[in-house]
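Good morning, and thank you for making time for this presentation. Please have the sequence and the structure in view while I speak.

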Amino acid sequence: MWGEKTLPTLPESNRPLVDPFGRGITYLRVSVTDRCDFRCVYCMSEDMAFLPKRDLLSLEELDRICSVFVENGVRKLRITGGEPLVRRDIMTLFRSLSRHLDSGALDELTVTTNGSQLARHAAELAACGVKRINVSIDTLDAAKFHSITRWGDLTKVMAGLDAAQGAGLKIKINTVALKGVNEDEIETLMEWAHGRGMDLTLIEVMPLGEIDGQRIDQFLPLSMVRARLAERYTLNELDDRTGGPARYARVGETGGRLGFITPMTHNFCESCNRVRLTCTGQLFMCLGQEDAADLRAPVRASSGNEALQQAIIEAISRKPKGHDFIIDRRHARPAVSRHMSLTGG
Ligand code: SAM
Ligand code: SF4
């Protein structure tokens, strides 16, 4: 088992991960690879250049960094990417991190996936203590799915969902609302997801990374989608908060939960509880800002975790108040140059 050289767990009152605005950092998202077996049109260009493998943190290094966060008060880890389930031996990381669930130091270990590899990993994810997963699906039309993802096969993703539900995993479907592409399908997606006992969360396109085409052509404000849904459905506002940008409603007619992630039309920064680690060890304190702290150097400099812990504490002391995304014709370039697949969605 990795992570033997760990720091003693600090008592609750001494946990240092509180940012300058008094927000406790309890949630770490980890992008374990920038690679993917899809090329979603809003996420990547078709000819993406990926990072050389030598720049990536090893699975052992990822485990060490995650473990120091857990020892310092992080209660939730989300493994993401790129497509996390295409990273070789990724289940080794899940198996290793599950020790923090067993010890009670961690409340939740979870994953965001495109579902393409889920059929072969679902049972083991469940065995590692993963209870809930996010699966991204923007359409139920196989041809449209192929054109949005460029390389994806909806049949495989559906088999992944079956396997995940068979293994007892709770599923939240993530759907990016795309103007003129799936806007007429939102009701169908919701009825389908809720009918299978899955939550559905709608996401606004964010200006992350250069893609082929213009963001303004993809951007569909969720305020509009919500207003349209409200004409046919009863949306009962829920108090559920995850410290993130999602706001939830219970849909009277389906009984299911519907989330809205609206970074562009609603500011969510005041309650932000999260930071993001890239597969090269850069820690981003805000999804919408360029500032990052390098954790790869301290993790490689010594086998002890003191320098790493100091680097993390220093990084959290720099967490900014919020982001400033803008999409309009005058801002044709992305607000943030890196792709979502690097920072981790
Ligand atoms: N590959 C996995 C997947 O697709 O679920 C995990 C990584 S992906 C970057 C995480 C989430 O980010 C997905 O739900 C995806 O739809 C969303 N996403 C990617 N690029 C985005 C963008 N520019 N704006 C909004 N959401 C985006
Ligand atoms: Fe891959 Fe996920 Fe980005 Fe689609 S959204 S290209 S599946 S990383």
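This is a predicted model: local features need pLDDT of at least 70, side-chain atom pairs count only at pLDDT 80 or more; totals for chains, interfaces and linings use all residues.

Let me begin with the helices. Two packed helices are described by the angle between their axes and the distance between the axes.

The crossing of α1 and α2 is right-handed. Which residues of α1 meet α2? On the α1 side they are Leu59, Leu62, Asp63, Cys66, Ser67 and Val70. Facing them from α2 are Ile90, Thr92, Leu93, Ser96, Leu97, Arg99 and His100. Sorted by class, the contact of α1 with α2 comprises seven nonpolar, four polar and two charged residues.

Helix α2 also packs against α3. Here the axes come within 10 Å and cross at roughly 15°, which makes α2 roughly parallel to α3. The crossing of α2 and α3 is again a right-handed one. Met91, Phe94 and Arg95 are the residues that α2 brings to this meeting, and α3 brings His121, Glu124 and Leu125. Three of the residues in the contact of α2 with α3 are nonpolar, one is polar and two are charged.

Leaving aside residues up to four places away in sequence, Leu101 touches Leu106, Asp107, Glu108, Leu109, Cys128 and Gly129. How far apart in space are Leu101 and Lys76? From C-alpha to C-alpha the separation is 9.7 Å, and in sequence the two are 25 residues apart.

We come now to α3, residues 118-127, and its packing with α5, residues 154-166. The axes of α3 and α5 come within 8 Å and cross at roughly 15°. These two helices are therefore roughly parallel to each other, and their crossing is right-handed. From α3, the contact is made by Leu118, Ala119 and Ala122, and from α5 by Ala159, Gly160, Leu161, Ala163 and Ala164. The class count for α3 with α5 is seven nonpolar residues, one polar residue and no charged residues.

Next, two residues in loops. Asp89 is found in the loop between β2, residues 76-80, and α2. Although Asp89 is a residue other than glycine, its phi is positive, near 60°. Arg150 belongs to the loop between α4, residues 142-149, and α5. Arg150, likewise a residue other than glycine, has a positive phi near 65°.

Which atoms of ligand 1 lie close to polar atoms of the protein? A nitrogen atom of ligand 1 is 3.0 Å from a backbone N or O atom of Gly82. In the case of Glu83, an N or O atom of the side chain is 3.2 Å from a nitrogen atom of ligand 1. An oxygen atom of ligand 1 is 3.2 Å from a polar backbone atom of Thr113.

Which residues surround ligand 2? They are Cys36, Phe38, Arg39, Cys40, Cys43, Met44, Gly82 and Asn114. The shell around ligand 2 divides into five nonpolar residues, two polar and one charged.

Thank you for your attention.

How values were computed:
Residues are numbered from 1 along each chain as its sequence is written. Chains are lettered from A and ligands numbered from 1 in the order in which they are written. Side-chain values use heavy atoms; hydrogens and water are left out. Axes are lines fitted to C-alpha atoms, for helices over the stretch in contact, and angles run from 0 to 180 degrees between N-to-C directions. Helices (H or I, at least four residues) and strands (E, at least two) are DSSP runs, numbered from the N terminus. Angles under 35 degrees count as roughly parallel, over 145 as roughly antiparallel, 65 to 115 as roughly perpendicular and the rest as oblique. A crossing is left-handed if the near helix is turned anticlockwise from the far one by less than a right angle, and right-handed if clockwise. Contact means heavy atoms within 4.5 Å. Ala, Val, Leu, Ile, Met, Phe, Trp, Tyr, Cys and Pro count as nonpolar, Asp, Glu, Lys and Arg as charged, and the others, Gly among them, as polar. A residue is near a molecule or strand if one of its heavy atoms lies within 4 Å of it. A polar contact is a pair of N or O atoms within 3.5 Å; within protein, one must be able to donate a hydrogen and the other to accept it, and residues adjacent in sequence count only if both atoms are side-chain atoms.
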